[in-house]
Amino acid sequence: MSANKENNLIQAYVELNKFCQSSDYERALKAAGKILQIAPNEQKAFHCKVICFIQLHNFKEALTVLSNAKNASLASDLVFEKAYSQYRLNCPKEALETVDGASELTPALKELRAQILYRLEQYQDCYNLYRDIVKNTTDDYEDERKANMSAVVSNLAALTPTADLP
Amino acid sequence: MPPPMEAVPCKPLFFDLACNFIEFPNLDDKTGVANNKKQGAGITG
């Protein structure tokens with residue numbers, strides 16, 4: 001890469017970083033696009049582009065760029081983003097397949113997997129997974145997670161009134 | 001005559017917590033900040 005091009009790239013990333021930090025997703029999307037025009041193989045710019053689409057609730061476009069065969073190597077690490085887009089597009093089956101195809105079940109994928117199982121009405125599996133997540137997580141969303149667990153339990157109770165529930 | 005009142009279960013609340021993991025990657029290595037930090041650490045020991 002020529003020194004000039006490299007310099008341009010750094011400048012473009014500085015700009016992108018600024019918009020990312022101010023959560024200006026429209027401008028960040030443009031900045032990421034600019035980088036990918038100079039250097040189409042920039043994985044981090046591609047990652048930012050996908051995050052922008054998702055934050056702008058354009059899940060369809062996020063999934064389109066992630067599924068494009070041309071972007072296969074750029075998208076290979078963005079399993080969570082792909083599954084989340086599928087989940088938001090009301091394709092929980094596909095989302096579950098994506099999650100289960102990941103090489104490692106990260107905390108993010110675990111959280112998403114539980115929500116997908118809920119959407120698929122697989123409440124027993126969902127409940128077991130939430131128990132595991134609650135046991136191993138300390139964050140600011142413990143109350144919300146407990147609310148989700150309650151929702152799972154009440155659905156279990158509605159389906160099997162005789163079951164021995166927590 | 002309206003039918004008699006009947007209790008129905010309400011739809012439970014369910015939060016999307018996975019959305020909190022939708023984050024931008026760290027760009028320090030791309031903006032040159034990482035290099036500056038390293039040098040800075042060198043100067044201050």
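# Briefing: the contact between chain A and chain B

The contact draws 35 residues from chain A and 19 residues from chain B, and it should be read with the caution that this is a predicted model. Between them, chain A and chain B bury about 2500 Å², with 72% of that area on carbon and sulfur atoms.

**The interface**

- Across the interface of chain A and chain B there are 11 residue pairs in polar contact, both residues being at pLDDT 80 or more.
- On the side of chain A that touches chain B, the elements giving two or more residues are α1 (3-21), α3 (43-55), α6 (79-88), α8 (107-119) and α10 (142-159) of chain A, and α10(A) gives the most, with eight residues.
- Sorted by class, this side of chain A has 22 nonpolar, seven polar and six charged residues.
- Asn148(A) is found in helix α10 of chain A and is buried, with a relative accessible area of 0%.
- When neighbours within four places in sequence are left aside, Asn148(A) is in contact with Tyr130(A) of its own chain and with Leu13(B), Phe14(B), Phe15(B) and Leu17(B) of chain B.

**Salt bridges between the chains**

- Side chains of opposite charge can pair when their charged atoms come close, and the count between chain A and chain B is three salt bridges.
- One of them joins Glu42(A) to Lys30(B), with the closest N and O atoms 2.9 Å apart; Glu42(A) lies in the loop between α2 (25-38) and α3 of chain A and Lys30(B) in helix α1 (residues 28-31) of chain B, so the pair joins two chains.
- Glu42(A) is buried at a relative accessible area of 11%, whereas Lys30(B) is partly exposed at 25%.
- Another is formed by Lys44(A) and Asp29(B), whose closest N and O atoms are 3.1 Å apart, and this pair crosses from helix α3 of chain A to helix α1 of chain B.
- Asp29(B) is partly exposed, with a relative accessible area of 46%.

**Salt bridges within chain A**

- Over all chains the structure holds nine salt bridges, among them the pair of Arg113(A) and Asp100(A), with the closest N and O atoms 2.8 Å apart.
- That pair links distant parts of the chain, Arg113(A) being in helix α8 and Asp100(A) in helix α7 of chain A, 13 residues apart.
- Both partners are partly exposed, Arg113(A) at 21% relative accessibility and Asp100(A) at 44%.
- Glu111(A), Asp139(A) and Arg145(A) are linked in a network of salt bridges.

**Aromatic residues**

- The count over all chains is eight aromatic pairs; in one of them, the rings of Tyr84(A) and Tyr87(A) have centres 6.1 Å apart and planes at 40°, so the pair is tilted.
- One aromatic cluster is formed by Phe59(A), Phe80(A), Tyr84(A), Tyr87(A) and Phe21(B).

**An exposed position**

- Lys93(A), placed in helix α7 (residues 92-100) of chain A, is exposed, with a relative accessible area of 62%.
- Lys93(A) and Ala62(A) are 31 residues apart in sequence and 18 Å apart in space, C-alpha to C-alpha.

Terms used: Residues are numbered from 1 along each chain as its sequence is written. Chains are lettered from A and ligands numbered from 1 in the order in which they are written. This is a predicted model: local features need pLDDT of at least 70, side-chain atom pairs count only at pLDDT 80 or more; totals for chains, interfaces and linings use all residues. Side-chain values use heavy atoms; hydrogens and water are left out. Contact means heavy atoms within 4.5 Å. Buried area is the accessible area (1.4 Å probe) that two parts lose on being put together, summed over both. A salt bridge is a side-chain nitrogen of Lys or Arg within 4 Å of a carboxyl oxygen of Asp or Glu. A polar contact is a pair of N or O atoms within 3.5 Å; within protein, one must be able to donate a hydrogen and the other to accept it, and residues adjacent in sequence count only if both atoms are side-chain atoms. Helices (H or I, at least four residues) and strands (E, at least two) are DSSP runs, numbered from the N terminus. Ala, Val, Leu, Ile, Met, Phe, Trp, Tyr, Cys and Pro count as nonpolar, Asp, Glu, Lys and Arg as charged, and the others, Gly among them, as polar. Rings of Phe, Tyr and Trp (its six-membered ring) pair if their centres lie within 6.5 Å; planes under 30 degrees apart count as stacked, over 60 as edge-to-face and the rest as tilted. Buried means under 20% relative accessible area, exposed over 50%, partly exposed in between (1.4 Å probe, protein chains only).
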